Each structure stands twice: as structure tokens, then as C-alpha cells.
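Could you look through this structure with me before we discuss it? My notes follow as numbered points.

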Amino acid sequence: MPTLATTVNGLKLPNPFVIGSGPPGTNINVISRAFRDGWGAVIAKTISLDASKVINVSPRYAKLHSGSGEVIGWENIELISDRPFHLWMDEFKRCKDEHPEGVLIASIMEECREEAWAEIVERCQDAGVDGFELNFSCPHGLPERKMGAAMGQDPEILEEVCGWVKKVAKIPFWAKMTPNITHIEEPSRAALRGGADGISAINTIRCVMGVNLDTLKPEPTVEGYTTPGGYSSKAVKPIALRMVMEIAAMMEKEFPEQTVSGLGGIESGEDAAQFILLGADTVQVCTGVMKFGYGCVKPMCEDLLTFMDKHGFETLAEFKGKSLPYFTTHADLVERQGARKAAQKAAAAVEVEQKAKVSSDAEWTGDSFVQQSDSLAQG
Ligand SMILES: Cc1cc2nc3c(=O)[nH]c(=O)nc-3n(C[C@H](O)[C@H](O)[C@H](O)COP(=O)(O)O)c2cc1C
């Protein structure tokens, strides 16, 4: 009987499905609900020491629908949590009291000052959380204060900040990457060099959802204006898979002990299987929970187990990264295809030659008559 249970950076998870940072982990009510419904771990909504600087607007979401009406893309211009830090510390403590077995990960973000990062790490640690995710990837609102994606796009700063966290963290921490960068391996490598125990990828992709053709205003429209936001949901999965593949391939060679948490558009056990096949240890779901509710973890677990059963995999480790060796360069694809075609041509020529050989009079055929005659001639 296959098992979904897994140990990641020393954290024991009943399954690899983790609530991704965002509205599904935004206070103790919803975090507790996630644990009750069987999620493997919860990453809370990103917090900072001073929530008074966080001012959200409304509307802050916009959706992209397919022809059949399904939501396939989701833009948000939401900031990190606007709830006071001391409230979060109380809730983290209560949450760990109520769910001692539940793996609770604090998502944190601060300005580029060592004292600020040290303080937020120490205070969350004291509140009893099991791990951290450092948010280096929020694409809107915070980069203006040199936070979020502004840090994630600068490998030097990333390495330095991870080093500050490493000095004070007694629990594992992952660095969450922004996809709004050309080569995702570079900031990932910097974070790991700085001491991160794992990489989470991806956060949202900077986007403009669309323009309303009646009002001529881009959406979501706030007082007649908008700002580019972060794109998530099903439509981003191919991009997330590519980035997770690139990170995992780099880490297999350079950081084999560290882990990968994959996210971006995951909505099913089959989606999760694909991320794990490309090197993820855990998979996170954020927008999927906003579309389907907390109960979606149950069919996800069942479908992942069905996939494992079909292939005879007993544990997640048995298929983690199993599809990575099938990536190569385009030049190599051309070479492999050329070699296959040449081999097929050579085999066809041998077959023609074989067919042309006559060992009894019954083998003469009308179609190969000339070749058969030739094959019996010398010189
Ligand atoms: C409304 C909304 C709010 C989010 N807030 C945060 C956040 O506070 N911190 C963070 O690291 N990621 C945040 N994210 C990003 C998600 O955690 C995730 O990286 C991204 O949406 C891709 O995964 P998904 O397609 O499963 O949502 C947010 C996403 C959405 C849709």
C-alpha cells in the first residue's frame, strides 16, 4: 500500500499537500480548518513586523475564464497580511496548542535590515512555528519599499538576507522565488548558498488581466485606475513546471540535501504528480483552495495515491525527479531524431535486401522480381 507521508527538512508531513501563502492561511480560523481537513502543512499568509504600512484596496482580484466558463487565470493586487503582528503571534501559539501535530510554517517578509529579519524570525520561533518561508517574491506594492520581488530579483541581496536568517533560525526555512526573472536558477542558488533549507517556486507572475472594452479601463479597476498584479491558477502551471524543473535540475547537482516546494496552478493529484516527477518534495495550493474550498485536499490525495499504485511507487521519494533525465537541449533532440531516422532507413534497406534473396522458387514475387534476379547474379 503506497504512502503519502513524507519527511521534509526534518518536518513530518502526513502528505505533501501544503496550503500556499495567501488567503487560505490568513488567520487561525482558516488555518485550523486546513489542519482539520487533512492538509499536510500550512504556510500562513505573509506577515511583517509593522502591518500599519500595509493598506489593501478593493476590488483586488480579477479572473480569466475559459470558453466554458471555468476560471483558468487569477490576478491579485493583494498585499501581505494587514493584521497586527502581535495578533499573529497569539494565533500561532494557539494554533500550535490546538494542532500540535500540524506543521505550521510562517511566511515572513521584511525590509532589508538585519535587525528586522532577526527580530521577526526570533519572535515567530518563540511563538512555536515549525518552519519559515521567506517571501522574496511579492510582485506588487512591496517592491516599492525594496521588499518582496525587489529582493528576489537580486541574488546578492538574497544571499545576504538568507545568511541573516540562518544566523538566528533554529528551524528550517525555505526561500520563495519570484518567476519575474530570466534565469530562476541564479536567485535559487544564491538563497541556498546563504543557508536556505529549501526553495519554493513560484510566486505569481506579473500581469495585466485585461482592459474593459466599454469603459476602456484596465482591470481590476480601483477608482478608475489599476496597477500590474500577480497571475496565478491553472494557466500558470506550465511556467511553474518549467521553473521547478530548472531549479530541481540545478539542485540535484549542487545542493542534493536541500528541498523543493512546487506551486503554481496545482488543482489535482495528477498536477501534484507532475511537480514531484520534476523534482518537488512538497506541493502547495493557494488559488485552488480559493476556487474549490479546503476539502479539495481529499481527492488530491486519492488521485496521487492512484497514480502511485498504477506505477508501483510505494513512496514519494521513489518518483521524485524521475522525469528530469528526459530534458535535454534542442540540438540534442535534432541529433537524436536524425540518428533514429538514419537507423530506420538502414533497417529498411536491410529488409529490402533480405526480401530480395530467394532460397526457394516459392519466394519469387512480382514486385521484387528484378531485385531477386539481381541477388542471384554474381559480379
Ligand atoms: C489572492 C492571493 C494572495 C496571495 N498572497 C501571498 C502572500 O501573502 N505571500 C506569498 O508568498 N504568496 C502569496 N500569493 C501567491 C501564492 O502563494 C502562490 O505562490 C501563487 O498564487 C501560485 O500558486 P497558485 O496557482 O496555487 O495560487 C498569493 C496569491 C493569491 C492568489
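1. Strand E6 (71-76) and helix H9 (287-292) each contribute at least two residues to the shell around the ligand, where helices (H or I, at least four residues) and strands (E, at least two) are DSSP runs, numbered from the N terminus. The ligand is surrounded by 26 residues, and the closest are Ser21, Gly22, Ser232, Cys286 and Thr287; a residue is near a molecule or strand if its C-beta atom, placed from the backbone, lies within 6 Å of it. Sorted by class, this shell around the ligand holds eight nonpolar, 15 polar and three charged residues, with Ala, Val, Leu, Ile, Met, Phe, Trp, Tyr, Cys and Pro counted as nonpolar, Asp, Glu, Lys and Arg as charged, and the others, Gly among them, as polar.

2. Please keep in mind that this is a predicted model, in which local features need pLDDT of at least 70 and side-chain atom pairs count only at pLDDT 80 or more, while totals for chains, interfaces and linings use all residues. Residues are numbered from 1 along each chain as its sequence is written.

3. The chain is assigned domain 1 (6-324) and domain 2 (330-375), bounds that come from an automatic or database domain assignment. The centres of domain 1 and domain 2, taken over C-alpha atoms, are separated by 57 Å.

4. Eight strands make a closed barrel, E3-E4-E7-E8-E9-E10-E15-E16, with parallel pairing; two strands pair if DSSP finds at least two bridges between them. Neighbouring strands of this sheet are turned against each other by 25° on average, direction ignored, the axes being lines fitted to C-alpha atoms, for helices over the stretch in contact, and angles running from 0 to 180 degrees between N-to-C directions. Strand E3 (residues 17-19) pairs with strand E4 (residues 41-43) in the parallel sense over two bridges, and Val42 in E4 is the bridge partner of Ile19.

5. There is also an open sheet of four strands in the order E5-E6-E14-E11, with antiparallel pairing. Strand E5 (61-65) and strand E11 (205-207) stand at its edges with a single partner strand each, so one side of each is left without a neighbour in the sheet. Here neighbouring strands are turned by 35° against each other on average, direction ignored. Between E11 and strand E14 (residues 229-232) the antiparallel pairing runs over three bridges, and Ile205 has Tyr231 in E14 as its bridge partner.

6. Which residues of helix H6 (residues 185-193) are buried? They are Pro187, Ser188, Arg189, Ala190, Ala191 and Leu192, where buried means that 20 or more other C-beta atoms lie within 10 Å of the residue's own, exposed that 12 or fewer do, and partly exposed in between, with C-beta atoms placed from the backbone. Just after H6, Gly195 takes a positive phi of about 120°.

7. The backbone deserves a check at several places. A cis peptide bond with omega of about 0° joins Ser58 and Pro59, and Pro59 is found in the loop between E4 and E5. Another cis peptide bond runs from Glu219 to Pro220, with omega near 0°, and Pro220 lies in the loop between strand E13 (218-219) and E14. Asn9, although not a glycine, has a positive phi of about 50°; Asn9 is partly exposed, with 19 other C-beta atoms within 10 Å. Ser233, in the loop between E14 and H7, has a positive phi of about 85° although it is not a glycine, and Ser233 counts as buried with 24 C-beta neighbours inside 10 Å.
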